[in-house]
Amino acid sequence: MTPIALAIACLMLVTLGYAGMCAASPFGTCRTCNGFGYALTTDRKGRPKRGKSCRRCKATGKRIRVGRWLFNRAQRIYREGTN
């Protein structure tokens, strides 16, 4: 197998794997709050305390994956264009 064909095969494998993950689990944990729904902060002594609710995920602890967001946007554009 040539290196170019191997690179294309690996790229297709990664793409199909990510598409499958987005279809099976469209939501991932929020990167800001690590799925807690609120940002962990520390007090002056360094002890962890609960902070304010996370603005990025709106305190759900979940975020939509980029691939799923793109799929939803493409579906919406297609539906609006066929009506």
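The questions and answers below concern a predicted model of one protein chain and the reasons behind the terms applied to it.

Q: What makes up the secondary structure of the protein chain, and in which order do the elements run from the N terminus?
A: The protein chain holds two helices and four strands, and from the N terminus on these elements run α-β-β-β-β-α.

Q: Why are helices H1 and H2 called roughly perpendicular to each other?
A: Helix H1, residues 3-24, and helix H2, residues 66-82, pack at an angle of about 75°. The term roughly perpendicular covers angles from 65 to 115 degrees, and H1 and H2 are therefore roughly perpendicular to each other.

Q: What describes two packed helices, and what is the distance between the axes of H1 and H2?
A: Two packed helices are described by the angle between their axes together with the distance between the axes. For H1 and H2, the axes are 8 Å apart.

Q: Which residues of H1 and H2 meet, and of which classes are they?
A: On the H1 side the residues are Tyr18, Cys22 and Ala23, and they meet Val66, Gly67 and Arg68 in H2. By class, this contact of H1 with H2 has four nonpolar residues, one polar residue and one charged residue.

Q: What share of the contacts with a separation of 6 or more joins residues 24 or more positions apart?
A: Residues 24 or more positions apart account for 58% of those contacts in the protein chain.

Q: How far apart in space are Ala9 and Ala19, and how far apart are Ala24 and Arg44?
A: From C-alpha to C-alpha, Ala9 and Ala19 are 15 Å apart in space and ten residues apart in sequence. Ala24 and Arg44, which are 20 residues apart in sequence, are 42 Å apart from C-alpha to C-alpha.

Q: What is noted about phi in Asn34 and Lys58, and why do both count as exposed?
A: Asn34, in the loop between strand S1 (27-29) and strand S2 (38-42), has a positive phi of about 55° although Asn34 is not a glycine. Lys58, in the loop between strand S3 (48-53) and strand S4 (62-64), is also a residue other than glycine, with a positive phi near 55°. Since exposed means over 50%, Asn34 counts as exposed at 58% relative accessibility, and Lys58 counts as exposed at 68%.

Q: Why is Gly35 called partly exposed, and which residues is Gly35 in contact with beyond its sequence neighbours?
A: Gly35 has its place in the loop between S1 and S2, and its 32% relative accessibility falls between 20% and 50%, so Gly35 counts as partly exposed. Leaving aside neighbours within four places in sequence, Gly35 is in contact with Thr29, Cys30 and Gly61. The C-alpha atoms of Gly35 and Lys62 are separated by 6.1 Å, although these residues are 27 residues apart along the chain.

Note on methods: Residues numbered from 1 in each chain as written. Predicted model: local features only at pLDDT ≥ 70, side-chain atom pairs only at ≥ 80, totals over all residues. Heavy atoms only, no water. Axes fitted to C-alpha atoms, helices over the stretch in contact; angles between N-to-C directions. Parallel < 35°, antiparallel > 145°, perpendicular 65-115°, else oblique. Contact = heavy atoms within 4.5 Å. Nonpolar A, V, L, I, M, F, W, Y, C, P; charged D, E, K, R; others polar. Buried < 20%, exposed > 50% of the residue type's maximum accessible area, 1.4 Å probe, protein only.
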